[in-house]
Amino acid sequence: MSLLSVCQSVCKVIGLDVPDAVASSTDREYVELVAIANEMAARIASGHDWQKLSSVHTITGDGVTEDFDLPEDFDRMLVKAQVWSSSLETALSPISDLDRWLELDVQSFDFVINAWTIYGGRMHIKPALGSGVTAKFLYQTNGIVLTGTAPVSSFSNDDDVFRLDERLLGLGMIWQWRAHKGLPYAEDMATYEAALAREVMRDKGSKMLRIGSVRMPRDVRTAYPQAIEV
């Protein structure tokens, strides 16, 4: 479904005349509708680490560079994303506290494992990755809309397509429109939230049913995943 078809479906519910175009319209109602579509699309995209919007970025070291530009379509890293290096069996060490990063930088701290942080729109890694060493991480793209085949961050044309569930977008637009107009919207919002929960649940792969006690806590890695030669 395109932006136009989603808006046409929404108009049938909220009581507006079904338009032949919305992106180019100067009518106040349709200008507001496109604004709500963009707001709701961004809200849906930012509320979950959607697999359709997940991408892998690769950094290649040269033995000197410690600061790397983020991808042009970078929105955020996944909630549990780590940075993995081709030269290490463990993930690079994240430092989320920027003051702590500054402290370690000023004190010329000798890192045992490469550490990383993000500020100023760049990823910073210390010490520098060796020449030819790669580091990869997963991130969420801000290209939540397709204009033709090109991902962009917002709707601007009638035939633009939302990369996630269009029905969910329409349901979100309905309750948000009514909320903006001071109309009752609680039931519509509940319908949207139920649909959102289903889409989030369906977004990941199936989980294996395990019976009995857990032998190892979740997210714990074995110290030696490979065979040890004596």
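Two strands count as paired if DSSP finds at least two bridges between them. Strands themselves are DSSP runs of E at least two residues long, helices are runs of H or I of at least four, and both are numbered from the N terminus. With that in hand, Asp 67 turns up opposite His 124 in β7. The model is a predicted one, so to speak of local features takes a pLDDT of at least 70 and side-chain atom pairs count only at pLDDT 80 or more, while totals for chains, interfaces and linings use all residues. Residues are numbered from 1 along each chain as its sequence is written, and side-chain values use heavy atoms, with hydrogens and water left out.

Overall, the chain has five helices and eleven strands. Of its 230 residues, 36% are buried, where buried means under 20% relative accessible area, exposed over 50% and partly exposed in between (1.4 Å probe, protein chains only). As for contacts (heavy atoms within 4.5 Å), 64% of those between residues at least 6 apart in sequence join residues at least 24 apart.

Back to the sheet around Asp 67. Four strands make up an open sheet in the order β2-β7-β6-β5, and the pairing is mixed. Its edge strands, each pairing on one side only, are β2 (67–69) and β5 (93–94). Strand β7 (residues 122–126) runs antiparallel to β2, and three bridges join the two. Helix α3 (residues 98–106) packs on this sheet, where it touches β6 and β7, and its direction makes about 125° with that of β6; the axes here are lines fitted to C-alpha atoms, for helices over the stretch in contact, with angles from 0 to 180 degrees between N-to-C directions.

Within β6 (residues 115–119) sits Ile 118. Which residues does Ile 118 touch, leaving out those up to four places away in sequence? The list is Leu 70, Phe 74, Met 77, Leu 98, Met 123 and His 124. Even so, Ile 118 is partly exposed, at a relative accessible area of 28%. Asp 69 is 49 residues away from Ile 118 along the chain, yet their C-alpha atoms are separated by 9.9 Å.

Strand β8 (residues 134–141) has several partners. Seven bridges tie it to β1 (residues 54–60), running antiparallel, and Ser 54 has Gln 140 as its bridge partner there.

A pocket, on a 1 Å grid over the protein atoms alone, is an open set of points where a 1.4 Å probe fits, with protein on both sides within 12 Å along at least five of seven lines; lining residues have an atom within 4 Å of a point. The second largest pocket has a volume of about 160 Å³, that is, the space filled by probe spheres set on grid points joined across faces, edges and corners. Its lining includes Trp 50, Lys 52, Arg 163, Leu 168 and Glu 199. By type, the lining divides into three nonpolar, one polar and six charged residues. Helix α5 (residues 186–203) gives the largest share, three residues. Glu 193 also lies in α5 and is partly exposed, at 43% relative accessibility. From Glu 193 to Leu 168 is 25 residues in sequence and 8.9 Å in space, C-alpha to C-alpha.

Technical notes. Nonpolar A, V, L, I, M, F, W, Y, C, P; charged D, E, K, R; others polar.
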